[in-house]
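I opened this notebook to record what I looked up in one model.

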Amino acid sequence: MQRTLTILYEFRDALLYGLGITISLSVLSMLLALVVGLIAALGMLSRRRWVRVPATFYVEFCRNTPILVQLVWVHYAWPEIFGLKFTAFYSSLVALTLQTSGYLAEEYRGGIEGVDKGQVEAAKSLGMTHARLMARIVLPQAIMRSVPGLLNQFVTCFKSTSIVSVIAVPDLMYQAGLIVSATFLTMPIYTIIAMIYFVVVFAISRSVRWATRKLPTTGYFGAAA
């Protein structure tokens with residue numbers, strides 16, 4: 001055990017760098033997915049078929065294909081199909097955004113459909129335009145309803161980053177593989193890496209629970225609208 005701790009201390013810079021890559025991918029992909037997911041959700045609820053059908057296909061595709069398949073598809077197939085070639089980091093960012101946005105779109109859609117129909121009808125009777133209705137009444141309440149699911153999806157996104165090492169992104173798992181190759185201490189190193197993931201995810205999960213309890217009720221927005 002002492003030898004393992006000594007080796008971990010020796011490779012601490014690599015592990016911290018890998019953890020930084022993992023956190024950066026999680027945060028960036030989540031921020032992008034928040035926007036893309038909202039656009040996709042609005043598309044799925046559109047009355048225009050030419051908008052609704054592609055948006056629904058996008059969401060279903062992102063939700064029903066494994067993250068590993070999306071990662072390999074973006075990194076190796078996109079250059080052939082679309083002529084777009086990314087570095088391993090940006091391919092990972094795109095793949096994580098694709099899958100996360102698909103799940104967030106469903107969270108948004110559930111929030112939008114859960115808004116009291118009476119408020120919508122009252123706003124329409126007052127002559128409020130659809131754009132203003134969505135911006136001032138529907139979306140504030142829908143987003144607030146969706147926050148617990150959005151925060152939980154960030155936890156899932158963080159855990160999903162562990163797969164990006166397969167295309168040589170120097171994240172935490174990739175650095176662990178390098179350390180194992182140099183030391184041959186497979187079990188101790190990966191056990192420590194598992195504990196690092198546990199500590200970070202546990203901290204995020206507790207923060208999510210705390211933030212969820214502190215959120216104002218949806219009635220606040222309903223009253224303000």
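**Entry 1: the chain as a whole**

I began with burial, and found that 39% of the 225 residues in the protein chain are buried; buried means under 20% relative accessible area, exposed over 50% and partly exposed in between, with a 1.4 Å probe and protein chains only. The model is predicted, and local features need pLDDT of at least 70, side-chain atom pairs count only at pLDDT 80 or more, and totals for chains, interfaces and linings use all residues. Residues are numbered from 1 along each chain as its sequence is written, and side-chain values use heavy atoms, with hydrogens and water left out.

I then listed the secondary structure of the protein chain, which comes to 10 helices and 0 strands. These are DSSP runs numbered from the N terminus, helices being H or I of at least four residues and strands E of at least two. I noted that the C-alpha trace spans about 75 × 45 × 20 Å along its principal axes. For contacts (heavy atoms within 4.5 Å), I took pairs at least 6 apart in sequence and found that 75% join residues at least 24 apart.

**Entry 2: helix α7**

I compared the span of α7 with that of a straight helix. A straight helix of 31 residues would span 45 Å at 1.5 Å a residue, whereas α7 spans only 37 Å between its end C-alpha atoms; the expected span is 1.5 Å times one less than the number of residues. I located a kink of about 50 degrees at Val147 in α7, shortly before the proline Pro148. The bend at a residue is the angle between axes fitted to the seven residues ending there and the seven starting there.

I also looked up Gln153, which is placed in α7. Gln153 counts as buried because its relative accessibility is 12%. Beyond neighbours within four places in sequence, Gln153 is in contact with Met30, Thr100, Tyr103 and Leu104.

**Entry 3: nonpolar cores**

I searched for nonpolar cores, that is, sets of buried Ala, Val, Leu, Ile, Met, Phe, Trp, Tyr and Cys residues joined through side-chain atoms within 4.5 Å. The largest has 30 residues, of which Ile189, Ile193 and Ile204 touch the most other members. Two or more residues of this core come from each of α1 (2–10), α2 (12–44), α3, α5 (88–113), α7, α8 (172–183) and α9. Residues up to four places away in sequence aside, Ile204 touches Phe154, Val155 and Phe158.

**Entry 4: aromatic rings**

I counted 8 aromatic pairs. Phe57 and Phe61 form a stacked pair, with 6.2 Å centre to centre and 25 degrees between the planes. Rings of Phe, Tyr and Trp (its six-membered ring) pair if their centres lie within 6.5 Å; planes under 30 degrees apart count as stacked, over 60 as edge-to-face and the rest as tilted. Both residues lie in helix α3 (residues 49–63), 4 residues apart, about one turn of the helix. Phe57 counts as exposed because its relative accessibility is 60%, and Phe61 as partly exposed because its value is 27%.

I next examined Phe158 and Tyr197, an edge-to-face pair with 6.0 Å between centres and 65 degrees between planes. This pair links distant parts of the chain, with Phe158 in α7 (residues 130–160) and Tyr197 in α9 (residues 186–214), 39 residues apart. Both Phe158 and Tyr197 are buried.

Lastly, I noted that ring pairs link Phe57, Phe61, Trp73, Trp78, Phe82 and Phe86 into a cluster.
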